[in-house]
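Here's a quick briefing on one stretch of the fold. Have a look at the structure first, then we'll go through the pieces by topic.

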Amino acid sequence: MLINTSIISDIKGIINTSRDKAIHAVDTERVLMYWNIGFRIFEEEQQGKDRADYGTQLIKTISEQLQPEFGSGFSYRQLNWYRQFYRTFPIVSALRTQLSWTHYKLLLGIDNPDKREFYIAESIKNNWSARQLERQIDSSLFERLLLSNDKEAVLAVAKGEQQPSAAKQIIKDPMYLEFLGLKREAAYYEKELEGAIITHLQDFLLELGNGFSFVARQKRIHLDGDDFYIDLVFYNRLLQCFVLIDLKTQKLTHADVGQMQMYVNYYDRIEKLPAENPTIGILLCARKNDAVVKFTLPENNKNIIASRYQLYLPTEQQLIEEMKKEMEDR
């Protein structure tokens with residue numbers, strides 16, 4: 001019997017959509033259940049607030065009663081999570097249905113309310129999975145953006161209260177590229193770095209930040225018989241401009257900065273539409289000398305940025321030292 005083959009794909013689509021909705025509905029109910037359990041524990045805990053150990057004993061007793069029937073999700077440790085969940089997010093109507101319990105568990109590890117609010121807003125806006133949220137927290141996204149912005153600006157952009165108006169509001173320095181799988185002590189060519197980025201393009205777009213889409217690699221520019229190649233070209237819909245990236249595995253030189261200036265000028269004069277904003281150039285390098293960048297470019301330069309990349313996530317101490325250094329340079 002001959003049938004319209006599209007019916008199979010249509011039904012598969014219906015099944016997958018319904019499954020996704022069902023999973024999301026279950027996850028939403030799970031979040032509400034944990035919140036309500038946390039609320040009930042906290043409420044009961046207040047009845048015995050005069051006893052220092054009442055809360056601990058209460059949770060132990062509840063766990064002993066529930067765990068045999070309902071499983072490990074009601075262990076002493078998990079019930080503590082639920083209590084902390086309520087105490088951190090005491091308004092049930094403020095819970096976001098876009099976030100799963102795994103998202104919320106990651107957020108509970110953040111003490112700073114502004115920082116936590118930033119990650120909530122970014123998770124929802126960018127539809128981050130729990131794995132992507134964990135990676136952004138581990139890579140200190142909030143702190144890295146604060147290195148070049150004030151806290152209010154970072155939060156305003158994250159919440160959608162303010163649109164980014166300059167490259168430095170969304171470009172990170174340094175960028176962490178641990179997902180490329182390149183060994184930090186190994187020598188490699190720029191072509192290898194570029195190839196690894198293309199292989200892991202989705203992760204690289206996540207590290208670049210909001211609004212980026214891939215346009216081209218090794219974009220050829222032909223000028224009076226000479227050919228030049230821009231490593232990577234992106235477009236940012238928030239800034240409404242092209243973003244050119246040149247990769248440098250060695251220390252940045254003034255010649256590299258001058259070449260990027262040429263690429264930016266070419267795009268501004270040839271590729272950019274009248275309604276679009278000026279092109280941004282990013283020199284993504286292993287090492288940089290900020291003074292070289294500063295004195296190679298005009299004083300009012302806002303569109304060419306040198307950003308270091310690192311092949312591993314920072315330790316807390318490294319991040320503290322980075323922030324101290326940034327403060328001293330200001």
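S4, helix H11 and S5 form a β-α-β unit, and a right-handed one. Keep in mind that this is a predicted model. Strand S4 covers residues 241-251, H11 covers residues 254-271, and S5 covers residues 280-287.

**S4 and its neighbours**
- Strand S4 is mostly covered, with nine of its eleven residues buried.
- On the S5 side, S4 pairs in the parallel sense, and seven bridges hold the pairing.
- Within that pairing, Asp 246 sits opposite Leu 283 in S5.
- S4 also pairs with strand S3 (residues 226-236), this time antiparallel, through five bridges.
- For a landmark there, find Val 233, which stands opposite Leu 244 in S4.

**The S3-S4 hairpin**
- S3 and S4 make a hairpin with four residues between the strands.
- Gln 240 in this hairpin is worth a click, as it takes a positive phi near 55°.

**Helix H11**
- H11 runs for 18 residues and spans 25 Å from its first C-alpha to its last, close to the 26 Å expected at 1.5 Å a residue.
- Which residues of H11 are buried? They are Asp 256, Val 257, Met 260, Tyr 263, Val 264, Tyr 266 and Tyr 267.
- Those buried residues pack against both strands that flank H11 in the unit, S4 and S5.
- Their other packing partners are strand S2 (212-223), S3, helix H12 (290-296) and strand S6 (304-310).

How values were computed: Residues numbered from 1 in each chain as written. Predicted model: local features only at pLDDT ≥ 70, side-chain atom pairs only at ≥ 80, totals over all residues. Heavy atoms only, no water. Buried < 20%, exposed > 50% of the residue type's maximum accessible area, 1.4 Å probe, protein only. Helix = DSSP H or I, 4+ residues; strand = E, 2+ residues; numbered from the N terminus. Pairing = 2+ DSSP bridges. Right-handed = clockwise from strand over helix to strand, strands pointing away. Expected span 1.5 Å × (residues − 1). Contact = heavy atoms within 4.5 Å.
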